[in-house]
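Here's a quick tour for anyone meeting this structure for the first time. Have a look at the sequence and the 3D view, then go through the notes below by topic.

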Amino acid sequence: MIDQNIIEIQNEINDVCAKVGRDPSEVTLIAVSKTKPYTDIEEAMKSGCLDYGENKVQELDQKYDLLPKDINWHMIGHLQRNKVKYLVGKVKMIHSVDSLRLANQIEKEFAKKDLIADILIEVNMAGEESKFGIKPEETEELIREISKLEHVKVCGLMTIAPYTLEPEDNRVYFKKLKELSVDIDSKNIDNVTMSVLSMGMSGDYRVAIEEGSTMIRVGTKIFGERNYNI
Ligand SMILES: *Cc1c(COP(=O)(O)O)cnc(C)c1O
């Protein structure tokens with residue numbers, strides 16, 4: 001079931017890319033396994049998928065210990081500074097950096113092991129009060145500050161679009177995130193690339209790919225509904 005769901009989404013990625021003239025190898029599917037048991041990931045891995053997303057440090061840590069080391073772990077949730085130390089050497093990418101204070105903490109912890117943290121800047125494109133993320137107009141300035149850190153590398157931008165039943169509603173936010181990324185890329189800031197655009201979830205990943213997403217984060221459509229009451 002789970003592995004089959006992943007294969008179906010991968011086929012969809014191929015279809016959408018063919019439609020808009022993109023190379024499907026530019027789009028990575030991150031299977032968002034938060035709240036799900038590690039055995040679900042074992043099943044998912046039968047599809048060949050090696051990229052998994054978690055939003056809690058402790059959960060990522062536990063699954064890291066139980067599962068094969070060739071998995072690429074993506075930290076996609078809000079990150080508290082006191083938890084950064086548990087991610088060192090374990091994560092492929094941190095998608096949710098939205099302040100200099102957090103970036104400074106990542107610098108401090110990754111420097112201890114002389115490792116470089118690949119990060120994305122989370123942008124709150126729709127200006128939703130309830131969401132984390134920096135304002136679009138403050139993004140470049142934050143990136144300029146973070147670019148000075150030796151053990152942190154900004155690789156692109158991430159956004160969580162509003163919840164909606166109509167994926168077309170979110171096209172405008174994906175378009176704007178892409179524009180922001182092109183704009184920042186044109187500034188040629190040292191130690192910064194804009195190669196990653198992490199956008200698109202179960203409800204809207206097709207639209208996100210059409211608008212240039214390079215990482216889609218899909219949970220429900222792969223693992224089923226989440227139960228937070230257990
Ligand atoms: C949970 C989560 C997802 C996956 O959401 P689905 O709608 O289940 O696909 C994607 N991104 C982030 C940041 C999440 O927290």
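**A first look around**

Let's start in a loop: Ile-134 sits between strand 5 and helix 5, which covers residues 136–146. Keep in mind that this is a predicted model. The chain has 8 helices and 8 strands, and a ligand is there too, with Ser-202 among the residues surrounding it.

**Overall build**

- The chain is made up of 230 residues, and 50% of them are buried.
- How does the radius of gyration fit with a compact globule? A compact globule of 230 residues would come out near 17 Å, and the chain has 17 Å, so the two agree.

**The ligand and its surroundings**

- Which residues surround the ligand? They are Val-32, Lys-34, Ile-76, Ile-160, Met-201, Ser-202, Arg-217, Val-218, Gly-219, Thr-220 and Arg-226.
- Ser-202 has a polar side-chain atom 2.5 Å from an oxygen atom of the ligand.
- Arg-217 also brings in a polar side-chain atom, this one 2.8 Å from a nitrogen atom of the ligand.
- For Arg-226, an N or O atom in the side chain is 2.8 Å from an oxygen atom of the ligand.
- On its own the ligand has 390 Å² of accessible area, and the protein covers 89% of that.

**Rings and a charge**

- How many aromatic pairs are there? The count comes to 1 aromatic pair.
- That pair is Tyr-52 with Trp-73: the ring centres are 6.3 Å apart and the planes are at 50°, so the pair counts as tilted.
- Tyr-52 belongs to strand 2 (residues 51–54) and Trp-73 to strand 3 (residues 72–75), so the pair ties together parts that are 21 residues apart in sequence.
- Are these two residues buried or exposed? Tyr-52 is buried, and Trp-73 is buried as well.
- Elsewhere, Lys-69 lies over the face of Tyr-64, 4.7 Å from the ring centre.

- Glu-54 is part of strand 2, and with a relative accessible area of 0% it is buried.
- From Glu-54 to Ala-31 it is 23 residues along the sequence and 9.0 Å in space, going from C-alpha to C-alpha.
- The C-alpha atom of Ile-134 is separated by 24 Å from that of Thr-28, and the two residues are 106 residues apart along the chain.
- Ile-222 has its place in helix 8, residues 220–223, and at 1% relative accessibility it counts as buried.
- Ile-222 and Asn-72 are 150 residues apart in sequence, while their C-alpha atoms are 17 Å apart in space.

**Loop residues with a positive phi**

- Asp-114 isn't a glycine, yet it has a positive phi of about 50°.
- Where is Asp-114? Look in the loop between helix 4 (100–112) and strand 5 (117–122).
- The relative accessibility of Asp-114 is 60%, and exposed means over 50%, so this residue counts as exposed.
- Asn-191 isn't a glycine either, and its phi is positive at about 70°.
- You'll find Asn-191 in the loop between helix 6 (171–185) and strand 7 (192–198).
- At 32% relative accessibility, Asn-191 counts as partly exposed.

Key. Residues numbered from 1 in each chain as written. Predicted model: local features only at pLDDT ≥ 70, side-chain atom pairs only at ≥ 80, totals over all residues. Heavy atoms only, no water. Phe/Tyr/Trp six-rings, centres within 6.5 Å; stacked < 30°, edge-to-face > 60°. Helix = DSSP H or I, 4+ residues; strand = E, 2+ residues; numbered from the N terminus. Buried < 20%, exposed > 50% of the residue type's maximum accessible area, 1.4 Å probe, protein only. Lys NZ or Arg CZ within 6 Å of the ring centre and 35° of its normal. Near = heavy atom within 4 Å. Polar contact = N/O pair within 3.5 Å; in protein donor to acceptor, adjacent residues only side chain to side chain. Areas by Shrake-Rupley, 256 points an atom, 1.4 Å probe, with all protein chains shown as cover. Rg over C-alpha atoms; globule rule 2.2 N^0.38 Å.
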